[in-house]
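Dear colleague,

I am passing on the structure we talked about, with the notes I made while going through it. Please look at it first and then read on.

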Amino acid sequence: GDEGGGWGGGGTSSRQDWRPGLAAVATIGNTPSEQLKHARRALASLSRLMNSPSAFMVYRHGALAAALSLMAAAPDDRAVQVAGCRVVASLVTSPNLVAHARRAPSFASGRALAAAAAALRNHYADATAARAASRAMWTAVHLGGRGGQDFLVTNQLYTVVMDAMAVHPADASVLEASCGCLLASALDNEEAKAALDEAGVRAAVSAVMRERGGSGQHMRFGGAFATLKDWLQGPEGKGATEQRTREQGASLIETRAEQEFNGPSNGREGN
């Protein structure tokens with residue numbers, strides 16, 4: 001399970017083969033263009049390895065920190081941002097990675113979330129970049145816990161997510177990852193719910209989910225956000241639901257009372 005695809009892009013590698021590439025990514029800094037080109041290729045290979053059986057080993061050798069460093073050094077490089085975001089998003093692909101990533105300073109501090117948000121802000125018009133960055137933001141909020149939620153809300157990072165949804169209204173991947181990110185930001189966090197509601201985020205997410213559901217493409221999220229159902233409906237939606245329930249109950253009671261008074265229709269009329 002320790003073999004990966006190799007930094008050269010093919011074949012089976014030993015444990016040591018990917019380390020020079022990882023070092024190239026980690027030490028990029030302000031390097032000349034040729035070194036940046038090499039680091040870009042290395043990061044692309046790293047993102048593939050993070051979705052292979054070698055993922056945990058590569059992560060433990062500094063994959064996340066290396067990816068974030070290169071993303072910071074080359075913010076306008078679309079390929080770098082996509083590959084870096086894919087490294088971030090890969091950290092929810094196994095329970096072992098999740099358990100370790102939750103303790104990573106990059107998630108607790110909001111660094112990973114900020115990097116993914118910057119990637120989305122700079123490249124949101126590109127569908128591939130928008131998919132990768134919105135998934136990375138969702139992952140960062142999820143792994144960052146309450147700190148990740150508060151970081152997103154305080155820095156109003158929801159605005160760039162909503163921009164991506166507006167630019168890609170028919171892209172199911174962008175919409176689902178964006179809604180997932182925003183819902184994760186509100187989960188079990190009353191202050192975040194209030195702020196997101198006031199900013200119009202709740203209404204926007206609700207509208208997108210309702211529209212997708214109407215076209216037969218429901219976003220279910222495996223029940224992860226079931227507790228947000230009432231919040232998504234909003235005060236007006238919840239009140240309308242409660243009103244319909246009361247009206248249905250009253251109608252049923254009235255019907256039953258009428259049946260008991262008149263008895264079943266059995267041709268008694270005219271007797």
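Where is the place of Phe 221? Bear in mind that this is a predicted model. Phe 221 lies in the loop between helix 13 (201-214) and helix 14 (229-262), and with a relative accessibility of 15% Phe 221 counts as buried, because buried means under 20% relative accessible area. The phi angle of Phe 221 is near 55 degrees, which is a positive value in a residue other than glycine.

A positive phi is also found at Gln 156, where the angle is near 50 degrees and the residue is again not a glycine. Gln 156 sits in the loop between helix 9 (127-154) and helix 10 (158-167), and at 45% relative accessibility Gln 156 counts as partly exposed.

Another glutamine, Gln 81, belongs to helix 5 (residues 78-89) and is buried, with a relative accessible area of 4%. If its neighbours within four places in sequence are left aside, Gln 81 is in contact with Met 71, Ala 74, Pro 75, Ala 115, Ala 119 and His 123.

As for the cysteines, the count comes to 0 disulfides when a pair of cysteine sulfur atoms has to be within 2.5 Å. Cys 181 is in no disulfide, since the nearest cysteine sulfur, that of Cys 179, is 9.8 Å away and the cut-off is 2.5 Å. Cys 181 counts as buried at 1% relative accessibility, and Cys 85 is likewise buried, with a relative accessible area of 1%.

Conventions
Residues numbered from 1 in each chain as written. Predicted model: local features only at pLDDT ≥ 70, side-chain atom pairs only at ≥ 80, totals over all residues. Heavy atoms only, no water. Buried < 20%, exposed > 50% of the residue type's maximum accessible area, 1.4 Å probe, protein only. Helix = DSSP H or I, 4+ residues; strand = E, 2+ residues; numbered from the N terminus. Contact = heavy atoms within 4.5 Å.
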